[in-house]
Amino acid sequence: MRLVPILLLTSMLPCAVLRGAEPAAGADLAEAWTGLTEQRHAEAREVFARRLAAGGAEAREARLGLALALLGLQPRTQGNVSAARELLTPLADAAEPDGWSRQARYFLGRIAELHEREPDLALARRHYQRLFDEHPDDPLAQVAAVKIVLLSANAVTPPDAKRAALQNYEAWAERLTYAAARRDFHAVMTQAYLRHVPDDLGAARRHALAAHALGFTDPVRRLSNILRIAELSRVLGDVAQARSFYEQFLAEAGRDGRVLLVRERLAALPSGTAAVAP
């Protein structure tokens with residue numbers, strides 16, 4: 001199974017590699033994928049275009065690669081975006097879907113969300129939802145699920161509708177078996193509760209703790225989440241947990257500009273270990 005590195009087009013989510021479903025191809029295709037990660041989009045485009053024109057077993061892989069090369073070319077043009085969309089659509093709609101078609105569906109969502117001159121967030125969400133509905137165990141589909149939650153959280157809807165949507169997404173955590181997607185689901189839910197349902201800080205803390213338990217590879221995100229847990233615990237009256245996470249922050253913070261604030265917060269904590277249930 002080929003590992004296709006697509007670092008350049010992943011967003012906040014920690015997908016350093018996305019899985020294809022085809023056997024390893026020739027050295028030129030492998031080098032073209034490497035070229036994408038190294039920002040050599042024009043060079044990669046020529047290889048993928050040549051292999052797509054040649055047809056054969058690697059044509060589906062080459063179609064996906066050519067689309068991603070076009071999306072990465074600078075300066076970005078609407079012509080390249082449209083061409084990428086046209087390349088991906090038949091691949092995503094293949095009668096017999098495989099790893100390449102799943103990736104194509106995901107990147108159709110990315111195009112609608114981030115690459116079009118006028119983003120179509122509803123269309124992006126439909127692509128992500130279809131991918132998750134049809135292939136819920138695929139890691140990339142689980143990344144798409146996190147993006148669905150993020151798009152929903154950022155949509156302009158009444159507060160009660162926002163609360164209901166977040167409550168409906170709670171059950172998704174158990175469906176996300178890909179650890180990075182599950183962690184980022186909890187991180188997104190933390191932010192969504194803080195921003196849109198501020199009267200439920202317990203839910204925000206619960207998700208922040210779940211994200212912490214799954215672990216962040218990015219030290220900046222890890223440190224910010226530790227501080228978020230400490231602050232939420234302080235506000236909720238859980239002195240013991242607040243103290244523990246403030247101390248953990250200080251142990252890892254180095255020259256972080258928030259150190260002084262955290263020391264002040266820690267010094268101001270009342271004695272005792274009062275706690276409330278999350």
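Analyst: Two residues are said to be in contact, to touch or to meet when they have heavy atoms within 4.5 Å. Helices (H or I, at least four residues) and strands (E, at least two) are DSSP runs, numbered from the N terminus. This is a predicted model, in which local features need pLDDT of at least 70 and side-chain atom pairs count only at pLDDT 80 or more, while totals for chains, interfaces and linings use all residues. Residues are numbered from 1 along each chain as its sequence is written, and side-chain values use heavy atoms, with hydrogens and water left out.

The protein chain has 13 helices and 2 strands, and the pair to look at is α9, residues 179-196, and α11, residues 219-236. These helices pack at an angle of about 45°, with their axes 13 Å apart, the axes being lines fitted to C-alpha atoms over the stretch in contact and the angle running from 0 to 180 degrees between N-to-C directions. That angle makes α9 oblique to α11, because angles under 35 degrees count as roughly parallel, over 145 as roughly antiparallel, 65 to 115 as roughly perpendicular and the rest as oblique. The crossing of α9 and α11 is left-handed, a word used if the near helix is turned anticlockwise from the far one by less than a right angle, with right-handed kept for clockwise.

Where the two helices meet, α9 brings R183, D184, A187, T190, Q191 and L194, and α11 brings R221, R228 and L232.

Helix α11 also holds I226, which has 0% relative accessibility and therefore counts as buried; buried means under 20% relative accessible area, exposed over 50% and partly exposed in between (1.4 Å probe, protein chains only). Leaving aside neighbours within four places in sequence, I226 is in contact with H212, F245, Q248, F249 and E252.

Now step back to the surroundings. Of the 278 residues of the protein chain, 47% count as buried. The largest nonpolar core has 58 residues, a nonpolar core being a set of buried Ala, Val, Leu, Ile, Met, Phe, Trp, Tyr and Cys residues joined through side-chain atoms within 4.5 Å. Among the residues with the most contacts inside this core are W172 and F185. Helix α7, residues 139-154, gives the most to this core, with 10 residues. A second, separate core of 16 residues includes A208, Y246, F249 and L269, and F249 is one of the contacts of I226.

W172 touches F185 as well as Q129, F132, A145, I148 and V149, not counting residues up to four places away in sequence. Helix α7 also contains Q142, which is buried, with a relative accessible area of 0%. Setting aside residues up to four places away in sequence, Q142 touches A181, along with F132, P136, D137, R175, L176, T177 and Y178.
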